[in-house]
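This report describes a structure in short sections, moving from the single chain to the pair of chains. The sequence and the structure are shown first.

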Number of protein chains: 2
Amino acid sequence: MTEHMPQGFRLAGLHCGLKRDERKDIALLVSDAPCTAAGVFTANLVKAAPVLRDQAILAGHGARVRAVLANTGSANACTGEPGLRDARTSAERAAALLGCTPDEVLTLSTGVIGLPLDMVVMEQGIAGLVPALRPDGWADAAAAIMTTDTRPKLASVQQGGYTITGIAKGAGMIAPNMATMLSVVLTDAAITPAALDRALRHAVDRSFNAVTVDGDTSTNDTLALLANGAAGNASLTPDSADFMAFQHALTTVCLSLAQQIVRDGEGATKFAAITVSGAASDADARLAAKAVAHSPLVKTALYGGDANWGRILAAVGYSGAQVDPDRVALHFGSAAFNLTPLQVVAAGQPLPYDEAAATARFTQPEIEVLIELGLGAGQATVWTCDLSHAYVDINGHYRT
Amino acid sequence: MTEHMPQGFRLAGLHCGLKRDERKDIALLVSDAPCTAAGVFTANLVKAAPVLRDQAILAGHGARVRAVLANTGSANACTGEPGLRDARTSAERAAALLGCTPDEVLTLSTGVIGLPLDMVVMEQGIAGLVPALRPDGWADAAAAIMTTDTRPKLASVQQGGYTITGIAKGAGMIAPNMATMLSVVLTDAAITPAALDRALRHAVDRSFNAVTVDGDTSTNDTLALLANGAAGNASLTPDSADFMAFQHALTTVCLSLAQQIVRDGEGATKFAAITVSGAASDADARLAAKAVAHSPLVKTALYGGDANWGRILAAVGYSGAQVDPDRVALHFGSAAFNLTPLQVVAAGQPLPYDEAAATARFTQPEIEVLIELGLGAGQATVWTCDLSHAYVDINGHYRT
């Protein structure tokens, strides 16, 4: 599949022993040439060592990055100064083998919080990764960053002579022992740092920031975006005619990855799109949609296939968004399963709708909840999954 | 038990048919004399009809109240103008039989959102309640407001010649079909409206507003407080020497009721007190404690008896409170089971603590989580329960 992937990158993923079982646990993504880079990081004040290090590297906007090293098994969070040293040492080892400087190597970690990296195992892993690097190593790299994920996540768009491809992991925002959403997106487009950063912020706001599994924000969330220019296009700036197309393609890749994370959420059996329109502002629409998507009562109703519109109205009511209860309308649909939206609430009160038709929509694996506030032009969609017995299974266990 | 209850009140609770099974579903609490009254109501913008009506009655502060009528089975929420008419009609029927005005009767509802009150059944219920009123009807009234609660909730304090006694229902902030936290607190103390209102706000902030089951705020939450003065004490004002004692006693009653609600939370198997100290302010401490208490990952860890301190630090980190990750300390204890606090984190990093000792604390039915931020003098405690398989069972079912 290399012909559909961005040019000038090599990847590898393997098992080095950071995970106790035999699954892959360390990945390396390398560009042949130095890359323009941008990143977004967790808003949690408790930030893992690699997050602090990567943020410092990318803070200057002009950073040139060659590689991303990612490990599972340990989140390297709440590890203090020794944790920062371990992140730095890992980058140094990779840089020495790759022939670049340590600051050209970003590091990403996910796993148990508070557990120091096993540096002997890490160094063995890094030594094994470098000779394994190859242009078609995407599947290995995507597999090597998985924790409670049940399947690897990859998305790719090709247009205008360049390709944008990303991998991600998710499952829970903080999985049982593991932590985090991690994503690395690579492109061979030529693009300036300012344009790359702007496109990334636009894309993340409409993708990763619009999904929720359990509302918990991890210590390690990181998305790293590298552009090596190997496609040979005229370098994109924020003012380029083609910039919007790049931004749109990047958003498409990020949205696909974010939705894959929700579909593979811990214990998820349903995928739901919560759309709020007619809000006083886009921000209000987002607020209302997030309240619905976060509500344990709505999420258990999704799980049970119970078209419980009262819980949805209640969540909208406490969301903090401007709401006139007498104007709210609500529809349930499942476009993916050819079920058109059925209106169940008008002017804040239930219609004499067909309960069987509502249930038919709420029992599909993909559900649309459409909330119309009747106040303005604000709108937003948030994607979420249900709250199932399996979520409690996965997260109720001892860390053993 | 009437000698330990506030004088001059009569209560009744019975089954009239609003619930399909044979459980009690309607309650009436009546004072022989008009009462000073105060109330607190849901912050949800989607408010049930009885909430809107009661708020209007109590808005003037000088309201004289004689009775509280409470029903289960229907929340009378999202029912529009007909719902308001039904609430009014219910009060009129009770008032006619009690010989007072309709505005002297508050009404509380809990049950299915959007389902109109069955007024034929309601009127039968009201007609049956009035002759059943008696001074020792507390247990019947407490039973008649239960929905998914597994046991009635009652708390009482006697001091200074007067008594304060309350009943409450909870289970889920919004239970499956049912909605709401409802509470009625009666006292025979003589107290001015301003003093009653002030004491109530103080008490609620430290009790009902400091507990959480699932973070969902219902359309119907109501606490009504009635004081009939039958104890014959000199009427309490905010400046009375005895006012603080009244406020403290009221807080004790409300805290007991609020904690009973959490202990009987939907599917709850554990009761946890999350205390944050050393915060920059009390508000920050509350913010951090609530983030921990709301986190599905912390709640499933409580369920599983997993002393997963990383999830707690992560929740503190995203709470919005001012946090210096390098100053955070964390202890786990279970005073109720004679297990003293065990420190597991110092300066943001794990100590080499005994995992078995931590687990011993986290597997008790009552768990203390003590978080010290090291920034200031702010502190707060929030009480919560775990997130269990049974919560998903209860809330994942169809509304049938």
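## Burial and overall form of chain A

Of the 400 residues of chain A, 62% count as buried; a residue is buried if 20 or more other C-beta atoms lie within 10 Å of its own, exposed if 12 or fewer, and partly exposed in between, with C-beta atoms placed from the backbone. This is a predicted model, in which local features need pLDDT of at least 70 and side-chain atom pairs count only at pLDDT 80 or more, while totals for chains, interfaces and linings use all residues. Residues are numbered from 1 along each chain as its sequence is written, and chains are lettered from A and ligands numbered from 1 in the order in which they are written.

A compact globule with 400 residues would have a radius of gyration near 21 Å, and the 22 Å of chain A agrees with this. The radius is taken over C-alpha atoms, and the globule rule is 2.2 Å times the number of residues to the power 0.38. Along the principal axes, the C-alpha atoms of chain A fill a box of roughly 70 × 55 × 35 Å. Among contacts in chain A between residues at least 6 apart in sequence, 79% join residues at least 24 apart; two residues are in contact if their C-beta atoms, placed from the backbone, lie within 7 Å.

## The seven-stranded sheet

Chain A contains eleven helices and 15 strands. These elements are DSSP runs numbered from the N terminus, with helices (H or I) of at least four residues and strands (E) of at least two. Seven of the strands form an open sheet with mixed pairing, in the order β8-β15-β10-β14-β11-β12-β13 (chain A); two strands pair if DSSP finds at least two bridges between them. At its edges are β8 (211-212) and β13 of chain A, each of which pairs on one side only.

Within this sheet, strand β10 (residues 271-279) of chain A runs antiparallel to strand β15 (residues 378-385) of chain A, and seven bridges join them. A:Ile274 stands opposite A:Val382 in β15(A). Helix α10 (residues 355-362) of chain A lies across β11 (329-334), β12 (339-346) and β14 (366-372) of chain A, at about 125° to β12(A). That angle is taken between N-to-C directions on a scale from 0 to 180 degrees, with axes fitted as lines to C-alpha atoms, for helices over the stretch in contact.

Chain B also has an open sheet of seven strands with mixed pairing, in the order β8-β15-β10-β14-β11-β12-β13 (chain B). Its edge strands, β8 (211-212) and β13 (349-350) of chain B, each have a single partner strand, so one side of each is left without a neighbour in the sheet. Strand β10 (residues 271-279) of chain B pairs in the parallel sense with strand β14 (residues 366-372) of chain B over seven bridges, and B:Val276 stands opposite B:Ile371 in β14(B).

## A covered strand and a covered helix

All six residues of strand β7 (residues 182-187) of chain A are buried. A:Leu182, A:Val184 and A:Leu186 point one way from β7(A), while A:Ser183, A:Val185 and A:Thr187 point the other way. Strand β6 (residues 162-169) of chain A is joined to β7(A) by six bridges in the antiparallel sense, with A:Thr165 opposite A:Leu186. Strand β9 (residues 222-227) of chain A pairs with β7(A) in the parallel sense, also over six bridges, and A:Ala224 in β9(A) is the bridge partner of A:Val184.

In α9(A), ten of its ten residues are buried, among them A:Trp309, A:Arg311 and A:Tyr318. The buried residues of α9(A) pack against α7 (282-294), α8, β11, β12, β13 and β14 of chain A. A:Gly320, which follows α9(A), has a positive phi near 100°.

## The contact between the chains

In the pair, 48 residues of chain A are in contact with 48 residues of chain B. The elements that give two or more residues to this side of chain A are α8 (296-304), α9 (309-318), β13 (349-350) and α11 (389-396) of chain A. The largest share, eight residues, comes from α9(A). By class, the residues on this side of chain A divide into 21 nonpolar, 22 polar and five charged; Ala, Val, Leu, Ile, Met, Phe, Trp, Tyr, Cys and Pro count as nonpolar, Asp, Glu, Lys and Arg as charged, and the others, Gly among them, as polar.

Chain A can be laid on chain B with an RMSD of 0.0 Å by a turn of 180° and a shift of 0.0 Å along the axis, the superposition being by least squares on the C-alpha atoms of residues with pLDDT of at least 70 in both. The two copies are therefore related as by a two-fold rotation axis. In chain A, the C-alpha nearest the axis belongs to A:His389, 2.8 Å from it. The same surface serves both copies, as 100% of the contact residues of chain A recur in chain B.
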